Amino acid sequence: MKKWHFLRHPVVIFVLAQLAWLSLVGIWIYWYISNYIIFDKVGDKISPQLVSKSANLITLLIGLFLLVAILLGMYLIFIYLNKQIKLAKLYDNFIGNITHELKSPLASIQLYLETMNMRDVPRSKQKEFISLMMQDANRLKYLINSILKISGLEQKKIYFNFEVCESESIVYTLIDNARQQFKLPQKAIQIIGSAPCQCVTDRDALKIAFDNLIDNATKYSADNVQLTIRLSCNLKKFIMEFTDQGIGISAKNQKDVFKKFHRIYDQNSPNVKGTGLGLYWVKEIIKYHGGKISVISAGKDSGSTFKIELPIYQTSKQRYINSLLKISLKNGLKRVEK
Amino acid sequence: MKKNKFVGSKILLVEDEETLAVGLEYNLNEEGYQVVWAQDGKQALDFFNTKEFDLIILDIMLPYYDGFEVARQVREKSPEIPILMLTARTHVDDKVHGLALGADDYMTKPFHLQELLLRVKGMLKRKMWYKEVTISQPVYCFGNNEINFANLKARAKGQEFQLTAHEAMTLKYLIENKGKIVSRKELLDKVWNITSEVETRTVDNFIVRLRKYFEPNPAQPIFIKSIRSAGYMFTDP
């Protein structure tokens, strides 16, 4: 019976339902017209008042209009449901990944606590274990914070603190911080080019975006991390291109990497950790800044380039940027009043 | 804690989480085992192909090759090495898949250290018992059946097939106790190292499988007989 399984696919069900519906309407129109012709011929002889051509035409037109409206409605509902099904599948993946991401550090913390409870662990080892437990506790804290912040960002409940800043200077500062945080040598991340312009940014949010990109470059580079950040600007945009020498992203996946919960499963991947939220978070942050992010990769083992474009304060998207500054100012005042 | 008689056993620890691997390695070393740590599926297979191990502790979500693939490739070459899957994946499908690929046990994270160490010890105990009894008599024939306990290959009803480690160990234990009644509990203890998750029904399922393989008429067994309210008995008429 496997050959009939395709009938269960939502697209097939939708097409068959549409065909059934259209056939029914076709039969109905045929029936209506053929009856109408008879009625037209005989009606005059029975009772001339019954025949009103204009009323019949209007009924037919209204009927057709309603038919198109119903078809359109069904199509839209189908598209919406299809999206929901896809999202539900991705959500299932997310639950699997988040379970792994939460349970692994928890297992590690439990292991060290039970070890110290069960054995006489030398002092130096104890210190090492405590440091590993703290590492895991921080990982858990970061994971939980990310989930809460993304949820807040989606519901617009996160207070941003936007301010006008020198584009180059903020990049240099944030990348210096990232080098220390990820314990990367100076030459692992190189900044080239120049961008003498100003833009409106929330420093903390931009740090999250940069950290995510650097973390990805680290996770998906098999050997040494080599990240180049090219800065440039034109009349309206400040452009940052993060190019790594990692395993690359296939053309098929390039479209989906910014989608919520999306993760790439690849046998060549040197890393399997992650929730599928990182790049979605980056995209949302950049979108909130009035900018956009895209990715280009020549494919396997050819590295990837993430391009971020932010509007320049003086020349682009002024109304939106000014509204961001106003919101931040208001929130700042509220915080001071409290 | 009692002195561990399996001191020196070599364990391949396959775990990509460094913080967890360091703690596991420390505890296994403290128990007297020699531990080799592989950080991904590729490295695990490299180590397995170049070194000898007595047991493998295997995570599932691994870079390059996942734990299922590692278990599959290991089982192709070595049907008898004990594999303990240690993973954060708790879904019953993962557990069934892992066990079907030949894992001997499955533990989910977070786990209790003492339980893990006891399971490792139990698996090594079973491996040693199996090795000892197999060296003395690797091939056993009964009726028209022939079983090679060294490579787990069996020939019955004109066909050659591969037994799983548990099937072979169940049969071996019954043969070792030929003519004696072996209770389900005893089999659970000797073959499965009894755990709360394994019930006596598991033994019955294995016996049904073994009868299907080797009995001319599984409904009326002549080799593996059921002894009512007592267990099973192997006879070789």
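**View 1. Salt bridges between chain A and chain B.** Two salt bridges are counted between chain A and chain B, a salt bridge being a side-chain nitrogen of Lys or Arg within 4 Å of a carboxyl oxygen of Asp or Glu. Zoom in on A:Arg139, which forms a salt bridge with B:Glu17, with the closest N and O atoms 2.6 Å apart. This is a predicted model, where local features need pLDDT of at least 70, side-chain atom pairs count only at pLDDT 80 or more, and totals for chains, interfaces and linings use all residues. Residues are numbered from 1 along each chain as its sequence is written, chains are lettered from A and ligands numbered from 1 in the order in which they are written, and side-chain values use heavy atoms, leaving out hydrogens and water.

**View 2. The contact of chain A with chain B.** Chain A puts 32 residues into the contact and chain B puts in 26; contact here means heavy atoms within 4.5 Å. About 2,600 Å² is buried between chain A and chain B, with carbon and sulfur atoms giving 60% of that area. Buried area is the accessible area (1.4 Å probe) that two parts lose on being put together, summed over both.

View 3. Over all chains, the salt bridge count comes to 22. Here B:Asp54 pairs up with B:Lys127, the closest N and O atoms being 3.5 Å apart. The pair links distant parts of the chain, 73 residues apart: B:Asp54 sits in the loop between α2 (41-50) and β3 (55-58) of chain B, and B:Lys127 in helix α5 (residues 113-136) of chain B. Helices (H or I, at least four residues) and strands (E, at least two) are DSSP runs, numbered from the N terminus.

**View 4. Helix α5 against helix α7 in chain A.** The axes of α5(A) (residues 203-219) and α7(A) come within 9 Å and cross at roughly 145 degrees. Axes are lines fitted to C-alpha atoms, for helices over the stretch in contact, and angles run from 0 to 180 degrees between N-to-C directions. Among the residues that meet are A:Leu206 and A:Leu213 in α5(A) and A:Trp281 and A:Ile285 in α7(A).

**View 5. Helix α3 against helix α7 in chain A.** Helix α3(A) (residues 123-154) and helix α7(A) (residues 278-288) have axes that come within 11 Å and cross at roughly 40 degrees. That makes α3(A) oblique to α7(A): angles under 35 degrees count as roughly parallel, over 145 as roughly antiparallel, 65 to 115 as roughly perpendicular and the rest as oblique. Residues making the contact include A:Tyr142 and A:Lys149 of α3(A), plus A:Tyr280 and A:Glu284 of α7(A).
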